[in-house]
Structure formats: structure tokens, C-alpha cells
Amino acid sequence: MSNATFDAIFSRRSCRAYTGKKVDDETVALLAKAALAAPSGNNAQPVNVIVVQNVPLILELEKAVVDYFIKTGNEPIIERLKSRKNKIFYNASTVFFLAVKNKSAADAGIMSAHLAIAATSLGLANIILGLPRMVFEDPDTASYWKEKLAFPEGCDYGLAVAVGYAADEGKPHEIDPEKLSYIK
Ligand SMILES: Cc1cc2nc3c(=O)[nH]c(=O)nc-3n(C[C@H](O)[C@H](O)[C@H](O)COP(=O)(O)O)c2cc1C
């Protein structure tokens with residue numbers, strides 16, 4: 001069976017190396033619309049989408065996230081980040097930040113999946129990012145970053161999705177059949 005939606009779902013993967021080429025405005029607008037079409041509990045639509053294409057700002061945030069983990073001495077993450085050359089956004093120059101009201105993590109998660117699958121369907125590499133959350137929660141830096149990214153009042157970091165052009169090759173993860181059961 002050939003189906004474009006299933007093709008996108010089954011070919012999606014997290015890309016951790018981008019060429020840096022920006023996604024054009026028309027495509028960004030289409031992806032943002034796909035994000036906003038995501039379902040939410042009670043149709044509360046608690047998620048605001050903020051598209052950042054300002055590379056110096058992305059790099060400043062990247063450094064702040066790495067500095068946070070160094071400051072807190074989180075060795076396993078520090079080591080993991082080192083192995084990824086301290087890259088948080090992996091040289092992507094288009095990042096969709098999902099700012100969420102009422103701590104609606106599920107709604108932000110569902111929106112991030114919409115974005116990831118929509119981007120994949122257009123042939124764009126992407127990755128969902130949770131790590132930047134820390135600097136939006138640390139009392140030392142939260143206000144600064146919420147203001148810098150123009151989070152609406154009362155919004156917290158939900159997730160981010162970096163989108164762009166792959167500079168690496170990778171495969172979707174193996175599906176684990178043990179994770180499936182039926183009760184009939
Ligand atoms: C909620 C969530 C947060 C994630 N945060 C990060 C992150 O901050 N950095 C990162 O490199 N990958 C992050 N990932 C990507 C996962 O590591 C990745 O989805 C997982 O390894 C499976 O690989 P796949 O996406 O290629 O199938 C995140 C994924 C999800 C769903």
C-alpha cells in the first residue's frame with residue numbers, strides 16, 4: 001500500500017546535523033499552519049508557535065543550555081553534549097519553539113509530532129528538542145529567555161522542533177514489536 005502520510009511517519013528520524021540553509025518563508029508558514037492544526041485537550045489550543053531564524057540568537061541559546069548543564073554539574077548530560085560537540089540545535093537555522101500555557105505538555109508533544117511529520121513529508125530534516133527547556137525554567141535565566149523569544153504572558157517552554165536540510169545520513173529507529181499488545 002502506498003500512502004504519503006505513512007511514508008512520512010515511517011521515514012521520520014531525528015537529524016543531528018544540518019547544512020545551515022534556511023527554510024523559505026512559504027514552507028515555514030505551511031509548517032506553522034500544520035503545527036496549529038494539531039489537536040489539543042478541550043480544543044484549548046494552549047500552544048503558541050514562535051519561529052526563530054536568527055542564527056546568532058539560536059547560538060546564544062545553545063551556549064546558555066550547555067552552560068546550564070555545566071553549572072549544575074550534570075555529568076552524564078555534559079558527556080553526551082561533548083560527544084555532540086556541544087550542539088543543541090545542530091546548526092539548524094530554523095527552529096519552531098512551542099510556548100505552552102497551563103503546563104500542557106501533552107499538547108506541546110502532539111504539536112511537535114505534527115511538525116516533525118509535516119517537515120518529513122516535505123523532505124525536510126527535523127528533530128524534536130527538550131533540552132533547551134532548562135534555561136526557560138532556571139530562575140537565573142527564565143525571564144531573559146522568555147523575553148528574548150517573546151513568549152506570551154504565562155507561557156512556558158513546551159518543546160522546540162529544529163527543521164532544515166540534512167548534513168548527515170540516518171535511518172528511522174527500529175520498531176520494537178514487544179511494545180505492542182492486544183486485548184480482544
Ligand atoms: C520529547 C522529546 C524530546 C527530545 N529532546 C531531544 C534533545 O533535546 N536533543 C536531542 O538530540 N534529541 C532529542 N530528542 C530526540 C530523541 O532522542 C529521538 O527521538 C530518539 O532517539 C529516537 O530517534 P528518532 O527520532 O530518530 O526515531 C527528543 C525527542 C522527543 C520526543
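Two strands pair if DSSP finds at least two bridges between them. Strands (E, at least two residues) and helices (H or I, at least four) are DSSP runs, numbered from the N terminus. This is a predicted model: local features need pLDDT of at least 70, side-chain atom pairs count only at pLDDT 80 or more, and totals for chains, interfaces and linings use all residues. Residues are numbered from 1 along each chain as its sequence is written.

**Exercise 1.** Find the order of the strands in the open sheet.

*Solution.* Start with the order: the four strands run 1-2-4-3, with antiparallel pairing. Next, look at the edges: strand 1 (47-52) and strand 3 (125-129) each have a single partner strand, so one side of each is left without a neighbour in the sheet.

**Exercise 2.** Work out how strand 3 and strand 4 pair.

*Solution.* Strand 4 covers residues 156-164, and its antiparallel pairing with strand 3 spans five bridges.

**Exercise 3.** Describe how helix 1 meets helix 5.

*Solution.* First, the residues in contact (C-beta atoms, placed from the backbone, within 7 Å): Ala 4, Ala 8, Ile 9 and Ser 11 of helix 1 meet Ile 117, Thr 120 and Ser 121 of helix 5. Then sort the residues of this contact: four are nonpolar (Ala, Val, Leu, Ile, Met, Phe, Trp, Tyr, Cys and Pro count as such), three are polar (the others, Gly among them) and none is charged (Asp, Glu, Lys and Arg).

Conventions:
Contact = placed C-beta atoms within 7 Å.
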